[in-house]
Amino acid sequence: MFDKIEMAPADPILGLSEAFKADPNPEKINLGVGVYKDANGATPILACVKAAEERLAKEETTKGYLPIDGDGRYGAHVQKLLFGEGSEIILSGRAATSHTPGGTGALRVAGDFIKANLPGAKLWVSDPTWANHAAVFGAAGVEVKKYAYYDAASSGLNFEGMIESLKTIDAGDVVLLHGCCHNPTGVDPTLQQWTQIAAVVAEQGGIPLVDFAYQGFAEGVLEDSVGLHEVANANKELIVCSSFSKNFGLYNERVGALTIVAKDADEAKKVQSQVKVTIRRNYSNPPCHGGAIVRTVLDDEGLSKQWLDELAAMRDRINGMRTSLTRELDSRGVKLNPAGNGFIAGQRGMFSFSGLTKEQVGVLKAEHSIYIVGSGRINVAGITENNIARLCDAIAAVTQAAV
Ligand code: LMR
């Protein structure tokens, strides 16, 4: 029976990591998958995480199952990070959080929840968006549509186009917004723009779904949640899919959360009962270890402070690399946008949507062993003092060849 099965295409992001691994070139550079690297090109375990793991190794007494939606203490920390301690949403019990296997797990549970409980709802994603969004929601049977987002001419936000598209959504449709550090473009709305976006979604009767995978990578944990707060102020009902892969560096522990905010506590309980049905059918209950690390760090004032310092160090290194990338491209006469490379510094989070074409990305891979996502998305966190010259020489070569 299996002889009829065709080879599936490689994943546009994780497939690059596989190709990178197989590349024998000692000078190869991986700027594909969104994983933080330090100045030595390593993805270290945060010291606060190591400390929490030591504590857990001593204090953990069981490996018994977690509840279907995970440990409630973990969920409480998630809500504080999202909405701020003492927020009305938390105090009124309008939010219900489930610990999911990563942010992707949260998206899939949200997709299944939407399909089962909001019949006919379409999901609107930005153009472009994370390469896996359409696949995750499509697999859940949700119809996926696109709203305008990126303006290639300015390498910035097409805000008017975005608002125009959002005005065409039907009541009951779900609008996926990137909470901060838009993936893949790195282009975020301003606070004033967030207020308008939130209002338009509310006027249309839409349900916002905020994908919040990079909290703390733009300006800070609190600063990066202002867009989400605008959305929550204007919309009584919303869905948040968040992740600790990046800001805790817990990629392989798969620690994420699905938080649904309802009109009141009673509705939140009913919604959560349906989310639990979905989870039980998917993976039964979440893995414990990563969530226990996050809870242990956030339960402890000293470890929480250490976490914020370590997160700030990651953020600062990425921003430093943005400046270096701009300088090194400028010095080689490369202009990734006709107006110059200044846009790179304005993009936020791990990624820079470089403007490199699919063909140029292909040449970078084939001839220079430099791995970038086909859309031209560069993981700035993968750039180091050691590889930046080689990277910019190669970009100069492929962009000059294309002219
Ligand atoms: C990315 O966009 O590179 C990350 O979110 C990792 C992934 O799963 O694609």
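View 1. Leu 56, Glu 60, Cys 288, Ala 292 and Arg 295 lie nearest the centre of the second largest pocket, which is lined by 22 residues. The model is predicted; local features need pLDDT of at least 70, side-chain atom pairs count only at pLDDT 80 or more, and totals for chains, interfaces and linings use all residues. Residues are numbered from 1 along each chain as its sequence is written, and side-chain values use heavy atoms, with hydrogens and water left out. A pocket is an open set of points on a 1 Å grid over the protein atoms alone, where a 1.4 Å probe fits, with protein on both sides within 12 Å along at least five of seven lines; lining residues have an atom within 4 Å of a point. Helix α11 (289-299) gives the most to this lining, with 5 residues.

**View 2. The largest pocket.** Its lining has 28 residues, with Thr 104, Trp 130, Tyr 214, Lys 246 and Arg 254 nearest the centre. Helix α5 (residues 102-117) contributes the most to the lining of the largest pocket, 3 residues. The ligand sits in this pocket (more than half of its atoms lie within 2 Å of the grid points).

**View 3. Polar atoms around the ligand.** An oxygen atom of the ligand is 2.7 Å from a polar backbone atom of Gly 34. For Trp 130, a polar side-chain atom lies 3.0 Å from a ligand oxygen. An N or O atom in the side chain of Arg 377 is 2.8 Å from an oxygen atom of the ligand. Polar contacts are pairs of N or O atoms within 3.5 Å.

Conventions:
A polar contact is a pair of N or O atoms within 3.5 Å; within protein, one must be able to donate a hydrogen and the other to accept it, and residues adjacent in sequence count only if both atoms are side-chain atoms. Helices (H or I, at least four residues) and strands (E, at least two) are DSSP runs, numbered from the N terminus.
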